[in-house]
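Hi everyone, thanks for coming.

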Amino acid sequence: MKVYFCGSIRGGRDDVNVYRRIVNKLQSYGSVLTEHVSSPELTERGENATATGDRAIHDRDVDWLQQADVIVAEVTQPSLGVGYELGRAVDMKKKIFCLFRPSSGRTLSAMIRGAADGDRVVVSDYSDEVLETVLEEFFSKLNRT
């Protein structure tokens, strides 16, 4: 299974440790195409786009979205890029799992929560203590369909 993980990069790296936990768990389900998102070396300046340019990053990531069997997004930290990726994934009719931490004090965008249909797009509130369990439950259901 190919998994595309979405997490904030240029929108802020406050949740990088959470991203690392998610990617570590996702690797037990398959190949994570975007594991670099969880790298602590990646700053909010993003990847070094000077060598290839932002267009190359965009095109590579859209290609990975097309290849992915499932999209998992941590959506607590608002990010234009993650929102864009999710919009493209919805258009591609991909299976999408969004994770949101209410303890952050933020309110999840209605465009994300409102897209949840319980089938193709699933949004789950979680706490740090149950993160791995929430992922296990999602992938257990996904593997039964």
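**Starting from L99**

Let's begin with L99, which is buried, at a relative accessible area of 0%. Buried here means under 20% relative accessible area, with exposed over 50% and partly exposed in between, using a 1.4 Å probe and protein chains only. Before I go on, a word on the source: this is a predicted model, where local features need pLDDT of at least 70 and side-chain atom pairs count only at pLDDT 80 or more, while totals for chains, interfaces and linings use all residues. Residues are numbered from 1 along each chain as its sequence is written, and side-chain values use heavy atoms, leaving out hydrogens and water.

L99 is found in strand β4, residues 95-100. Helices (H or I, at least four residues) and strands (E, at least two) are DSSP runs, numbered from the N terminus. Which residues does L99 touch, leaving aside those up to four places away in sequence? Among them are I22, V72, A73, Y126, L131, V134 and L135, where contact means heavy atoms within 4.5 Å.

Two strands pair if DSSP finds at least two bridges between them.

Going through some of the pairs, β1 and β2 (residues 31-32) run parallel and are joined by two bridges, with V3 standing opposite V32 in β2. Five bridges join β3 (residues 70-74) to β4, and A73 stands opposite C98 there. β4 is also joined to β5 by five bridges, again parallel; the bridge partner of F100 in β5 is D125.

How enclosed are these strands? Four of the five residues of β1 are buried, so β1 is largely enclosed by the rest of the structure. For β5, four of the five residues are buried, so that strand is largely enclosed by the rest of the structure too.

**Two helices**

On to a helix pair. Two packed helices are described by the angle between their axes and the distance between the axes. For α1 (residues 16-26) and α5 (residues 131-144), the axes come within 10 Å and cross at roughly 40°. Those axes are lines fitted to C-alpha atoms, for helices over the stretch in contact, with angles from 0 to 180 degrees between N-to-C directions.

In this contact, V18, R21, I22, K25 and L26 from α1 meet L131, E132, L135, E136 and F139 from α5. The residues of the contact divide into six nonpolar, no polar and four charged.

**Aromatic pairs**

Last topic: the rings. How many aromatic pairs does a search of the whole structure find? Four, where rings of Phe, Tyr and Trp (its six-membered ring) pair if their centres lie within 6.5 Å, and planes under 30 degrees apart count as stacked, over 60 as edge-to-face and the rest as tilted.

One of them is F5 with Y19, edge-to-face, at 5.6 Å centre to centre and 65° between the planes. F5 lies in β1 (residues 2-6) and Y19 in α1, so this pair ties together parts that are 14 residues apart in sequence. F5 counts as buried at 1% relative accessibility, and Y19 is buried at 0%.

F138 and F139 also form an edge-to-face pair, at 5.2 Å centre to centre with 90° between the planes.

How values were computed:
Nonpolar A, V, L, I, M, F, W, Y, C, P; charged D, E, K, R; others polar.
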